[in-house]
Amino acid sequence: MAAVMSQTSASQLGASAIAPPALPHQTLPPAPALHHLKQDESDEEQQEDLSYPNLPLFPSDITTAPLLRISLSKLLSYDLTEITNLWNASRDLGFFYLDLRSPPPTSTTKRDSAHEPSERNIDGPALVSSAEKLFKTGEELFKLSTEEKLRYDFKDQGSYFGYKGIGAGVVDAQGTKDRNEFYNVSKDDILGISEPLPAPELLSSEDARELLKGFMEGSHAIVSFILGLLNEKLGLPEGKLQSLHRLREVSGDQVRWVSAPPQPQDDRQKALGEHTDFGSITLLHNRLGGLQVLPPSSPSQPTPQWTYVLPLRHHIIVNLGDALVKLTAGVLRSNIHRVVSPPGEQGKETRMSLVYFARPEDEVVLKRLEGSGVIDEKAKETGEEEGEEITAKEWILRRALGRRAGGDWKASAGTEGERFKH
């Protein structure tokens, strides 16, 4: 098995890291200032094998996005350099790898007193183990008959939870049908905050719900921890961001399995159209290529190209969503991305992903937060005016259902709406 090089770069993903394409019609917002980060990994770490066993290798001749690799273990130790890396990645691109190879902390920190009990139980390896089990659950889930799965499509009830079949969503304004199926499970359902939704036996059994509960709590613990670090960097009142994302309050948090079967060699298209994520933080477990990001433009590269994100074993891909953009007046970045066929031999495999989407509580109004000089300065710099007042629930429903077949595509656009025109 060939070794996969570390994806830590001397600079956050910028124009110099991406080969120039020809996209004359693309209109992009100005690039943020990119922050140069010190390389701190040893040669041995750079040569480690982070590819997934029993799967075709990602082609070595394809350019991949040099996302920062951030260590959960170092963050838990409050390593100031690593926290700075997190802060810069969250402002410059809003995408980074999180290395989960860390033991649970042996003692609490001074910040733990402000966290919910479950948020002190951050355990990266345990989350990876749960994800492996849930990948197997997902494989069995999508083997169910189409008739059975469609019983759990709740779109007509105004819900984005449950099943969406292949072709039931669209990838562009022309109504081109998508090429993936997915199943969403509500955090509130699994934690007993809301009434349980109908679900196949595979997901409604006690064992399945317990597995999902542990995965959701572990994922939310990481989300809350990251929010706490960003909250401090933003200079917000202590615990402000976390208070908008409490585990046991009603929200749109969910786990999603996504399955995209191989596409014909002569008829490959986007499995999932370009978009920004609706919520606050997304934790992606992924084994095959296909995810692509479109980095911000810069004076030297006004037309950057779509670039693959290489899946790394023991890592999750973390990206920030629109809610954090709205709450911070654009200090934090929600970057546009899409899913296409995996490259090379990987394109012959069914691409499955497991995702935890963290969203603000349903009644949180997505508007600029007060009490942060950093946010105030950004709003002044960009001339941002207060936009529509919309709750997290309204925002997510509008965007999610707008991308279903027959929905309002224009309403589905996110905070980088100008980049959806083409």
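Trainee: How many residues does helix α4 have, and what does it reach from its first C-alpha to its last?
Mentor: In this predicted model, helix α4 covers residues 124-143, which is 20 residues, and it reaches 29 Å from its first C-alpha to its last, close to the 28 Å expected at 1.5 Å a residue.

Trainee: And what caps the N-terminal end of α4?
Mentor: That is Asp123, which places a side-chain oxygen 3.2 Å from the backbone nitrogen of Ala126.

Trainee: Which residues in α4 are buried?
Mentor: The buried residues include Leu127, Leu134, Phe135, Leu141 and Phe142, and among them are also Gly124 and Gly138.

Trainee: Switching to strands, why would you call β2 largely enclosed by the rest of the structure?
Mentor: Strand β2 runs over residues 95-99, and five of its five residues are buried, so the rest of the structure largely encloses it. In a regular strand the side chains alternate between the two faces of the sheet. Here both faces are covered, with Phe95, Tyr97 and Asp99 buried on one side and Phe96 and Leu98 buried on the other.

Trainee: Which strands does β2 pair with, and in what sense?
Mentor: Strand β1, residues 69-71, runs parallel to β2 and is joined to it by three bridges, whereas strand β10, residues 315-320, pairs with β2 in the antiparallel sense over five bridges.

Trainee: Where do Tyr78 and Phe225 lie?
Mentor: Tyr78 is in the loop between α2 (72-76) and α3 (80-92), and Phe225 is in helix α8 (residues 206-234), so the pair ties together parts that are 147 residues apart in sequence.

Trainee: Are those two buried or exposed?
Mentor: Tyr78 counts as buried at 17% relative accessibility, and Phe225 also counts as buried, at 4%. There is also a tilted aromatic pair formed by Tyr160 and Phe161, with 4.7 Å from centre to centre and 55° between the planes. Tyr160 is buried with a relative accessible area of 13%, and Phe161 is buried with 14%.

Trainee: Which charged ends sit over the ring of Phe182?
Mentor: The charged end of Lys164 sits over that ring, 5.2 Å from its centre, and the charged end of Arg256 sits over it as well, 3.9 Å from the centre.

Trainee: What does Ser372 do at helix α11?
Mentor: Ser372 caps the N-terminal end of α11 (residues 373-382), with a side-chain oxygen 3.3 Å from the backbone nitrogen of Val374. Just after α11, Gly383 takes a positive phi of about 70°.

Conventions. Residues are numbered from 1 along each chain as its sequence is written. This is a predicted model: local features need pLDDT of at least 70, side-chain atom pairs count only at pLDDT 80 or more; totals for chains, interfaces and linings use all residues. Side-chain values use heavy atoms; hydrogens and water are left out. Buried means under 20% relative accessible area, exposed over 50%, partly exposed in between (1.4 Å probe, protein chains only). Helices (H or I, at least four residues) and strands (E, at least two) are DSSP runs, numbered from the N terminus. Two strands pair if DSSP finds at least two bridges between them. A polar contact is a pair of N or O atoms within 3.5 Å; within protein, one must be able to donate a hydrogen and the other to accept it, and residues adjacent in sequence count only if both atoms are side-chain atoms. Rings of Phe, Tyr and Trp (its six-membered ring) pair if their centres lie within 6.5 Å; planes under 30 degrees apart count as stacked, over 60 as edge-to-face and the rest as tilted. A charge sits over a ring if NZ of Lys or CZ of Arg is within 6 Å of the ring centre and within 35 degrees of the ring normal. The expected span of a helix is 1.5 Å times one less than its number of residues.
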